[in-house]
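Hi everyone, thanks for coming. Let me put the structure up, and then I'll walk you through a few parts of it.

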Amino acid sequence: PKVLEYKEKVLEEARKSGEVRTLMGRRRFVKDINTKNFAIRGNAERMAFNTVIQGTAADIIKKAMVDLAAQIEAKKLKSRMLLQVHDELVFEVEKSEKESFGKLVKHTMEKAVDFSVPLTVDLGFGASWGEAH
């Protein structure tokens, strides 16, 4: 319910500083945020807010991937992380590790960052990516 309020806060800060930042501090400069041309300014505003939202999502999944890689190595698991597609991770899972690995992935991803609202992760298993959906 506070998304609009948050968006206005992001844009106000962008107008003052000329940049936006993701949750984990990555910066993007927004050169046209204060232009008088409505169309150009509107595009800059959309880009600014989109950067914060999508950039933060990218930060979260990157952190989850780093955390998972460390746990996979530490536990000497046979299952492996294969690739990332947007907000999804694809794994090759050893049959004997399926249940415990699923729990590890879900827990690690959901706890990658601490928000006031929970992050939830859905798991799917299959012989192919399509089958897992």
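Before the pocket, one definition: a pocket here is an open set of points on a 1 Å grid with protein on both sides within 12 Å along at least five of seven lines, and a lining residue has an atom within 4 Å of a point. Please keep in mind that this is a predicted model.

So, which element gives the most to the lining of the largest pocket? That is H2, with 6 residues. The lining counts 36 residues, and nearest the centre of the pocket lie Glu 88, Leu 89, Val 90, Phe 91 and Asp 122. As for volume, the largest pocket holds about 1200 Å³ of space.

As a general point, nonpolar side chains in soluble globular proteins tend to be buried together. In this model the largest nonpolar core has 15 residues, and those touching the most other members are Leu 68, Leu 89, Phe 91, Phe 101, Val 105 and Met 109. Two or more residues come from each of H2, strand E4 (88-92) and H3, and H2 has the largest share, 5 residues. Take Val 105: beyond its neighbours within four places in sequence, Val 105 contacts Leu 68, Phe 91 and Leu 123. There is also a second, separate core of 10 residues, with Ala 14, Val 30, Ala 44 and Phe 49 among them.

Now a residue on H3, which runs over residues 98-110: Thr 108. Is Thr 108 buried or exposed? Buried, because its relative accessibility is 5%, and the cut-off for buried is under 20%. Leaving out residues up to four places away in sequence, Thr 108 touches Ala 64, Asp 67, Leu 68 and Gln 71.

Last stop, helix H1, residues 3-17. The buried residues of H1 are Val 10, Leu 11 and Ala 14. Down the axis of H1, these buried residues fall within an arc of 95°, so they line one face of the helix. That face packs against strand E1 (19-21) and helix H2 (38-74), while Glu 5, Lys 9 and Lys 16 are exposed on the other side of H1. Just after H1 comes Gly 18, with a positive phi of about 80°.

That's my tour, and I'm happy to take questions.

Methods: Residues are numbered from 1 along each chain as its sequence is written. This is a predicted model: local features need pLDDT of at least 70, side-chain atom pairs count only at pLDDT 80 or more; totals for chains, interfaces and linings use all residues. Side-chain values use heavy atoms; hydrogens and water are left out. Helices (H or I, at least four residues) and strands (E, at least two) are DSSP runs, numbered from the N terminus. Buried means under 20% relative accessible area, exposed over 50%, partly exposed in between (1.4 Å probe, protein chains only). Contact means heavy atoms within 4.5 Å. The arc is that of the directions from the helix axis to the C-beta atoms. A nonpolar core is a set of buried Ala, Val, Leu, Ile, Met, Phe, Trp, Tyr and Cys residues joined through side-chain atoms within 4.5 Å. On a 1 Å grid over the protein atoms alone, a cavity is a set of points where a 1.4 Å probe fits but cannot get out, and a pocket is an open set with protein on both sides within 12 Å along at least five of seven lines; lining residues have an atom within 4 Å of a point. Grid points are joined across faces, edges and corners, and a volume is the space filled by probe spheres set on the points.
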